[in-house]
Amino acid sequence: MPPLPTMTHSSSFLLPSPSPPAPPTGADAENAVSYAVVVLNQRLPRFAPLLWTRARLRVCADGGANRVFDGMPDLLPGEDPDEVRVRYKPDAIEGDMDSVRPEVKEYYSSLGTQIIDDSHDQDTTDLNKCISFITRNPPGPDNSNLFILVLGALGGRFDHEMGNINVLHRFSNTRIILLSDDSLIFLLPKTHSHEIHIERSVEGPHCGLIPMGAPSSSSSTTGLRWNLDNTSMNFGGLLSTSNIVEEEIVTVTSDSDLIWTISLRKHT
Ligand SMILES: Nc1ncnc2c1ncn2[C@@H]1O[C@H](COP(=O)(O)OP(=O)(O)OP(=O)(O)O)[C@@H](O)[C@H]1O
Ligand SMILES: Cc1ncc(C[n+]2csc(CCO)c2C)c(N)n1
């Protein structure tokens, strides 16, 4: 069997940068990473303004628009709330529209936000609708190098959390990162070997590797305190929870898609 291609991962988008990086030119532009942000209907994480500013496309999932309207001014005290609301205007509000308040929808609509009412679809979640909207309308020339950062995806209602994790599996070819104030998670598809670059100033040390979609009969890692060595994992048997990152780079290979999760440091 030929070796698997390597996929690299980094949470550098969480690093504060004193000035925005220079726009890439030439060959760099083709490889430049671009970010889209999806805001869910949960309290905004503290780094929401930073990630919003870094993103090239900002989409609110239904009631997520209320969170931006109410929460962005709270995260930027000392600034005029009306100016903050104009500056943090979503590009689109997508969902079944049963949670966004009418006045919030009208406010953003009057500023030019696209409103997509998909209430006819009661079989997919609002997050699912947002991801499919973004993959159909990518902010760059195509979806390669697009990372979708989902804010408020964890630490809420358990059925919602499971629905959010299911979206990682449904769109396993899209780079999606679920975020809360406390942790970050993404999928490691079995089609690749993985190199996870740890940003120690913002993340770690606690981490986990979990075969959510299907059991794994062989997973191997380096860079963790408790590494796996052709180890099998399944619910009812071993899961790698409460693990600890020991090295700058963690490597993972598996015969199943795995969920990677890492804690976020409180002061970021
Ligand atoms: N408590 C929560 N925990 C985790 N995610 C949440 C929670 N509440 C909402 N979300 C996320 O925000 C999205 C929008 O939520 P909203 O409350 O507007 O609609 P909903 O009708 O509850 O959700 P859906 O229509 O997707 O079932 C949901 O699709 C889900 O991804
Ligand atoms: C088997 C099954 N279980 C639950 C739902 C309900 N549901 C799932 S996603 C969604 C849309 C929410 O915006 C709703 C209502 C369903 N349709 N089918």
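**Close-up 1. The contacts of D182.** Leaving aside neighbours within four places in sequence, D182 is in contact with G155, S263 and L264; two residues are in contact if their C-beta atoms, placed from the backbone, lie within 7 Å. This is a predicted model, in which local features need pLDDT of at least 70 and side-chain atom pairs count only at pLDDT 80 or more, while totals for chains, interfaces and linings use all residues. Residues are numbered from 1 along each chain as its sequence is written, and chains are lettered from A and ligands numbered from 1 in the order in which they are written.

Look for D182 in the loop between strand 7 (175-179) and strand 8 (183-188); helices (H or I, at least four residues) and strands (E, at least two) are DSSP runs, numbered from the N terminus. K266 is 84 residues away from D182 along the chain, yet their C-alpha atoms are separated by 7.4 Å.

Close-up 2. The protein is divided into domain 1 (33-181) and domain 2 (182-268), with bounds that come from an automatic or database domain assignment. Taken over C-alpha atoms, the centres of the two domains are 26 Å apart. Domain 1 brings 13 residues to the contact, and domain 2 brings 13 residues. On the side of domain 1, helix 7 (158-170) and strand 7 are the elements that give two or more residues. Strand 7 gives the most, with 4 residues. This side of domain 1 has 8 nonpolar, 4 polar and 1 charged residues; Ala, Val, Leu, Ile, Met, Phe, Trp, Tyr, Cys and Pro count as nonpolar, Asp, Glu, Lys and Arg as charged, and the others, Gly among them, as polar.

**Close-up 3. Helix 3 against helix 5.** Helix 3 (residues 64-75) packs on helix 5 (residues 102-110) at an angle of about 80°, with axes 10 Å apart. Axes are lines fitted to C-alpha atoms, for helices over the stretch in contact, and angles run from 0 to 180 degrees between N-to-C directions. The two helices, helix 3 and helix 5, are therefore roughly perpendicular, a label for angles of 65 to 115 degrees. Helix 3 makes the contact through A65, N66 and F69, and helix 5 through V104, K105, Y107 and Y108.

**Close-up 4. The shell of ligand 2.** D96, Q122, D123, T124, T125 and D126 surround ligand 2, each with its C-beta atom, placed from the backbone, within 6 Å. This shell has no nonpolar, 3 polar and 3 charged residues.

Terms used. Angles under 35 degrees count as roughly parallel, over 145 as roughly antiparallel, 65 to 115 as roughly perpendicular and the rest as oblique.
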